[in-house]
Amino acid sequence: MRLANQVAIVTGAGAGIGEAIALRFAEEGARLVVNDIHEENGRAVAAKVEALGAQAHFVRGDISLEEDARRIAASAEEVFGGIDVLVNNAAEFTQKSVEAAELADWRRVFGVNVFGTALVTKYAIPSLKQRRGAIVNVASMSGVIAQQDFATYNSSKAAGLMMTKCLAYDLAPYGVRVNAVCPGCIVTSASYREIERLGLTFEEWSGRMAPLHLLNRLGHPREVANAVLFLASSEASFITGTELLVDGGYTAR
């Protein structure tokens with residue numbers, strides 16, 4: 001197994017891509033710190049991890065709050081003795097144009113997608129250095145392309161990609177690899193919130209979005225989880241500071 005006995009933190013693991021990552025890691029032998037802001041969802045995922053025969057510890061927390069970010073990292077050391085892999089997956093999906101966005105919108109999306117990622121990483125770094133671990137940031141294709149009325153979200157994800165590169169630079173001397181995965185349109189609960197916001201049916205929305213991908217379909221959370229697993233594992237031992245697009249060819253057009 002690719003992550004046998006390794007300790008991994010997955011933030012925002014209560015649903016969607018985060019849940020898929022936690023379960024995929026469990027299948028490969030990892031011990032999981034499952035974080036989510038929604039306690040019921042997070043505990044349910046932790047139970048699924050344990051049902052796969054892996055160890056799990058749930059930590060409720062909002063990563064945009066420094067004390068919560070510190071506590072998430074500390075729990076991995078307290079419960080499992082250290083951190084081998086950090087997956088920064090938790091995200092805020094505020095999507096507005098500059099014209100429409102209020103200061104609170106900017107604070108909300110950057111608070112989670114940039115500041116929260118930075119805070120959890122900060123408190124995990126000492127243990128990651130000791131174990132020559134790996135960080136995988138779940139970014140987005142939205143961090144590398146422009147999209148209409150998405151300035152808040154896309155700006156935060158672009159910042160996350162630059163943070164990935166800078167962290168890779170800073171942590172390379174300690175053998176810690178830092179990479180990002182950039183999903184395209186993946187069907188998750190966030191997709192259904194967007195569908196509701198647009199006033200569309202799922203069929204109408206998917207009919208619009210699928211043809212934008214070269215593969216002419218939408219992605220699934222497990223497909224992103226497989227990419228995260230690769231970058232977290234020793235199979236990616238000579239990869240750092242890069243972004244892996246899992247977007248069905250969306251950005252190749």
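Predicted model: local features only at pLDDT ≥ 70, side-chain atom pairs only at ≥ 80, totals over all residues.

Residues are numbered from 1 along each chain as its sequence is written, and side-chain values use heavy atoms, leaving out hydrogens and water.

**Stop 1: S142.** Select S142, in the loop between β5 (134–138) and α5 (151–171); helices (H or I, at least four residues) and strands (E, at least two) are DSSP runs, numbered from the N terminus. S142 counts as buried because its relative accessibility is 5%, and buried means under 20% relative accessible area with a 1.4 Å probe, protein chains only. Now show Q147: its side chain makes a polar contact with the side chain of S142 at 2.5 Å (N or O atoms within 3.5 Å, one able to donate a hydrogen and the other to accept it).

**Stop 2: the largest cavity.** Select N88, A90, N113, T117, N137, V138, A139, S156, K157, G160 and L161, which line the largest cavity. A cavity is a set of points on a 1 Å grid where a 1.4 Å probe fits but cannot get out, and lining residues have an atom within 4 Å of a point. The space inside is about 80 Å³. Colour α5 too: with four residues, α5 gives the most to this lining.

**Stop 3: the second largest pocket.** Select R132, R177, A232, S233 and S234, which lie nearest its centre among 13 lining residues. A pocket is an open set with protein on both sides within 12 Å along at least five of seven lines. Its volume is about 160 Å³, the space filled by probe spheres set on the points.

Note on methods
Buried < 20%, exposed > 50% of the residue type's maximum accessible area, 1.4 Å probe, protein only.
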